[in-house]
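Please look at the sequence and the structure below. The paragraphs that follow go from the contact between the chains to pairs of side chains within them.

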Number of protein chains: 2
Amino acid sequence: MAGKTNIVVLGAGYAGLVSASKLAKEVGTDNANITLVSRHDYHYQTTWLHEPAAGTLHHDRTRIKISKILDLNKINFVQDEATKVVTEEKKVTLASGGELQYDYIIVGVGAISETFGIEGVYENSYHRWTVDGARQMKDRIEYMFARYHSDEAKEEDLTFVVAGAGFTGMEFIGELSERVPKLCKEYDVPRNKVKMYVIEAMPTALPGFDPELVEYAMNLLENRGVEFKLDSPIKAVTENSVELNTGESVKTSTVIWATGVRGNPLIEESGFENNRARVKVDDDLRAPGYEREFIIGDCSLIINTEIDRPFPPTAQIALQQGETAANNIKALIEGRPTEAFAADIKGTVASLGGKEAIGVVGSKKLYGRPAFFMKKVIENRALWILGGFGFLLRKGQNPF
Amino acid sequence: MAGKTNIVVLGAGYAGLVSASKLAKEVGTDNANITLVSRHDYHYQTTWLHEPAAGTLHHDRTRIKISKILDLNKINFVQDEATKVVTEEKKVTLASGGELQYDYIIVGVGAISETFGIEGVYENSYHRWTVDGARQMKDRIEYMFARYHSDEAKEEDLTFVVAGAGFTGMEFIGELSERVPKLCKEYDVPRNKVKMYVIEAMPTALPGFDPELVEYAMNLLENRGVEFKLDSPIKAVTENSVELNTGESVKTSTVIWATGVRGNPLIEESGFENNRARVKVDDDLRAPGYEREFIIGDCSLIINTEIDRPFPPTAQIALQQGETAANNIKALIEGRPTEAFAADIKGTVASLGGKEAIGVVGSKKLYGRPAFFMKKVIENRALWILGGFGFLLRKGQNPF
């Protein structure tokens, strides 16, 4: 089999899956060995995780066996954790001790929570936006309700603090605030015992989003009993409190950390030039200074030239990057010039629990039911891209 | 309304409910004010609690609004906690600060877990066999599974220790062992990471039960991965271990305490002669030395003259005592002699999870499906006694 090009894709998120699938189709297995490396044997829908985290959707609805998305007769699948791309030797090291050689590599290993070095975040907050992490958040919340009628119950057990009023934080509190009345009923807890806070360093929730829609969202959440503390940077998270820079202390047994993400540590480990483990990639998605190394998804950083600020990392961009990276590898193999990546942002919608959402699609602002509908359309579109129509039918969330 | 007899019933367990219901029917509201005092506005099926505790049945299936069992046009219902029977003044004090006068009182306030003064049991184990307690056990167990894929996970998180191989302990581990494979699947936990122990001070599980059936039960549970430590008195329970008298230490994050019960502290508080808060009542169920105070259910102690040992406290006896106590109050009001209580033990069946059980009915030993069937029949019989046929249909567990 000499002569075949080794293409390695790291990560089975939106970015990695699309590129592996596209590579199998466009480059083909006669010309290349395509190998996908992922820690889990499933893909999970990062954009849905706020739902299982709050307990409004079963986590299995947010994940899909990789073998059901990709044709593993055409793609090698290695279940392992990539630890470092050794660019000088064109190889990847794996946590198990293994190594994989590559001619081309696509790095799509995603993001982790950014703690900004704030004390106690890793130890005392729930910060993992993964299936495992979401499951743990859900069971933690339920356990706090279950403990209410017991001697060990503490006042702060029913105070839930979300750190960060960005997308993840707002979508999570949307789900949780929607579920709290049901949890109160389930666990015989008076509604007024439950407190929910969203604490945000910036002076607004959802910074960068349309102010009118932000107001709609905040009003809606406040009506469900959520209290916002804006302009309130967090100094530390302790076992039973969140300490603010202002000196204020919020007692709580459960902190959900959602202040935004940084890239995967593998980026730093591998020596790519980066900012918080994200790489400002070249137009064709290669790491600057590298010929055969592509970086896509949450580990990459793309500038929105319209406003001269980075695009926020989204599934939408990751899916599009996956296609471009695969196309460019094909071009390089065939000796053609690579194409530049152009983000095509169709819209941004944040769900708020129940049938509520806010969003901007094209130049249209949406809120309430229409926004909720769009959110489901966008999510289903991702499923469509990943797996086609049958797949959408099985996994899709019905917007009606 | 002068001249009416005040009858107070404390507790809405099997004993209290039956006696209140019987009193309303037999004594009638023209002649008496019947008042039921209970901490909750619901009755719960103590004998089913091992199921919600292990998470195999929703806790709402084990409880019933009192207003759906009793006709509250005929019976006053006070939701409060009785703290003391002041026999000299013929009154009951309530936690809220209130008081109730009585001419006759039936005390059926049930039992709490017996800790035998073992260090750390209250602080470090789950010992409350109530709806609240069961719910907490369930969520604790699930939280331990949820934590498995996280940095805080400890080896002992998936070791579950049941203290006590009596009825409650065995029925609980039966449910849990049946559920563990499902939990492993749900939380992506390898089955071999989960350990289950039953620790018992006596040299046998289910002491007093037929040895052949005990062996059947132990084999079955061992096949599901349960390990028995018999002859192993517990010295202390710590935050992360159970310490045995032998010096052995079992690391665990979750101890379910099921070593048996003692009566409610109200018994001691009220000055009734007692042994571990249980009163060896007179033949007609009155507290010895008292004319108008009846004690029934788990707070009472009845000797099984055939073997000269106390009957274990069961729902069966409580239901029968409820009838007798009501009859005897009627007799006293009408100036007739009281009747002696005679326990009629129809059988004893312990469920073991899934469709498994062991039991003795009459002189017949049962195991497997037939025993499981009998268990459901007995449970449904209790529902029948409590609420009649429509009630059974709504709440009953289908044995098929």
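The contact takes in 22 residues of chain B and 23 residues of chain A, where contact means heavy atoms within 4.5 Å. This is a predicted model, in which local features need pLDDT of at least 70 and side-chain atom pairs count only at pLDDT 80 or more, while totals for chains, interfaces and linings use all residues. Residues are numbered from 1 along each chain as its sequence is written, chains are lettered from A in the order in which they are written, and side-chain values use heavy atoms, with hydrogens and water left out.

The size of an interface is often given as the accessible area lost when the parts come together. Between chain B and chain A the buried area is about 2,000 Å², and carbon and sulfur atoms give 38% of it. Buried area here is the accessible area (1.4 Å probe) that two parts lose on being put together, summed over both.

How many salt bridges are there between chain B and chain A? The count is four, a salt bridge being a side-chain nitrogen of Lys or Arg within 4 Å of a carboxyl oxygen of Asp or Glu. R63(A) and D188(B) form a salt bridge, at 2.5 Å from N to O. Helices (H or I, at least four residues) and strands (E, at least two) are DSSP runs, numbered from the N terminus. The residues of chain B that touch chain A comprise 12 charged, five polar and five nonpolar. Ala, Val, Leu, Ile, Met, Phe, Trp, Tyr, Cys and Pro count as nonpolar, Asp, Glu, Lys and Arg as charged, and the others, Gly among them, as polar.

Next come the aromatic rings. Over all chains the structure holds 15 aromatic pairs. Rings of Phe, Tyr and Trp (its six-membered ring) pair if their centres lie within 6.5 Å; planes under 30 degrees apart count as stacked, over 60 as edge-to-face and the rest as tilted. F145(B) and Y187(B) make a tilted pair, with 6.0 Å centre to centre and 40° between the planes. F145(B) lies in helix α5 of chain B and Y187(B) in the loop between α6 (167-186) and β12 (195-199), so the pair ties together parts 42 residues apart in sequence. Both F145(B) and Y187(B) are buried, where buried means under 20% relative accessible area, exposed over 50% and partly exposed in between (1.4 Å probe, protein chains only).

Why is the pair of F272(B) and Y290(B) edge-to-face? The ring centres of F272(B) and Y290(B) are 5.1 Å apart and the planes are at 70°, so the pair falls into that class. F272(B) is buried, at 2% relative accessibility, whereas Y290(B) is partly exposed, at 23%. In chain A, ring pairs link F145(A), F160(A) and Y187(A) into a cluster.

Charged side chains pair as well. There are 56 salt bridges over all chains. One of them joins K138(A) to E142(A), with the closest N and O atoms 3.5 Å apart. K138(A) and E142(A) are separated by about one helical turn, because they are four residues apart in helix α4 (residues 131-146) of chain A. K138(A) is partly exposed, at 22%, and E142(A) is buried, at 4%.

Another salt bridge, of 2.7 Å from N to O, joins E248(A) and K229(A). Finally, a network of salt bridges links K22(A), E26(A), E323(A), K330(A), E334(A) and R336(A).
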